[in-house]
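Subject: Structure handover

Hello,

I am passing a structure on to you. Please open it before you read the notes.

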Amino acid sequence: MTRGSGQGLRRTAGLPSVVFTDVDGTLLDSEHRVTPRAAEASRALAERGVPLVLVSARMPEALADIRRELANAGPVVCYSGAYVLDAAGAELLSRPIPLGCALEVRDYVACAVPEACCMAYGYHTWVTFDRTNPRVSREEKIVGVESVEGTLEEHFSERGLHKFLLVGEPAVVERAEREVGAAFPNLKVVRSSPILCEVMDGQASKTEGIRAVCEHLGVAQEDAVALGDGRNDLDMLCAVPESWAMANAPAEVRSAAARVTALDNDHDGFAETIFSILERG
């Protein structure tokens, strides 16, 4: 991990050292779009010397179009902190699930929660077991990336993989979180939305991801701002003094954050919060 690459940043006194934001449900609207106001806020941060870092459960390729629309060229935290890359795409942090354990998870899910659609992600590869599944098609449309069909053994080496995504009806996903979490206590199993459950290495977290980025940029984590809306954002929102839960976040997320945005993600809550922060500097 390199350090001090943020030394050239000229940040205005009184502004945060860096802004970390979740993507879906926070930065993007409910149609998974970057609004013009969000793009304007991103440019305003850059003009004031404040890095904007995307922190997402998505894979790197699923953030590429968003970053282009934002004119964002900073580091990214992917797979909810399991894979962190610098601005050039070099690895800052990697917390993969070993392949042997991943195979056990795959087989357990197939037997215990067969109603769930199981997808696997590692590094820059997204593997699905049946691309004709409508849940796969829906996810491909949302993130703008195509999966590849096959087995874990075909696509992942001894390096392992970073995440399973279990997709299904809310009751199925809630059961998957409970049962997979109990069967694999060494892994992190958390619902990121009512219909999505993430399975990652037990040490992976958005907090660890933002810590790696702060060290890389040479900035203080205690001076950072974080915004999020989901249960998988809870640890990140508790890791910085100035945390913002989106107005559209569940009650448990809103209560965990230091502040709540005045507007939701369909009414530019992210952008308006950023502009209010910039007014302080």
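Below are notes on the cysteines and on one pair of helices.

Please keep in mind that this is a predicted model.

Cysteines

How many disulfides does the structure hold? It holds zero. Cys101 is in no disulfide. Its nearest cysteine sulfur belongs to Cys118 and lies 12 Å away. Cys101 is also buried, as its relative accessible area is 14%.

A disulfide needs the two sulfur atoms within 2.5 Å. Cys197 is buried too, because its relative accessibility is 0% and buried means under 20%.

Helices 4 and 7

Helix 4 covers residues 99-112, and helix 7 covers residues 170-183. Their axes come within 11 Å. They cross at roughly 135 degrees, so helix 4 is oblique to helix 7. The crossing of the two helices is right-handed.

Which residues make the contact? Helix 4 brings Tyr108, Val109 and Ala112. Helix 7 brings Arg175, Glu179, Val180 and Ala183. By class, the contact of helix 4 with helix 7 has five nonpolar and two charged residues.

Best wishes

Note on methods. Residues are numbered from 1 along each chain as its sequence is written. This is a predicted model: local features need pLDDT of at least 70, side-chain atom pairs count only at pLDDT 80 or more; totals for chains, interfaces and linings use all residues. Side-chain values use heavy atoms; hydrogens and water are left out. Buried means under 20% relative accessible area, exposed over 50%, partly exposed in between (1.4 Å probe, protein chains only). Axes are lines fitted to C-alpha atoms, for helices over the stretch in contact, and angles run from 0 to 180 degrees between N-to-C directions. Helices (H or I, at least four residues) and strands (E, at least two) are DSSP runs, numbered from the N terminus. Angles under 35 degrees count as roughly parallel, over 145 as roughly antiparallel, 65 to 115 as roughly perpendicular and the rest as oblique. A crossing is left-handed if the near helix is turned anticlockwise from the far one by less than a right angle, and right-handed if clockwise. Contact means heavy atoms within 4.5 Å. Ala, Val, Leu, Ile, Met, Phe, Trp, Tyr, Cys and Pro count as nonpolar, Asp, Glu, Lys and Arg as charged, and the others, Gly among them, as polar.
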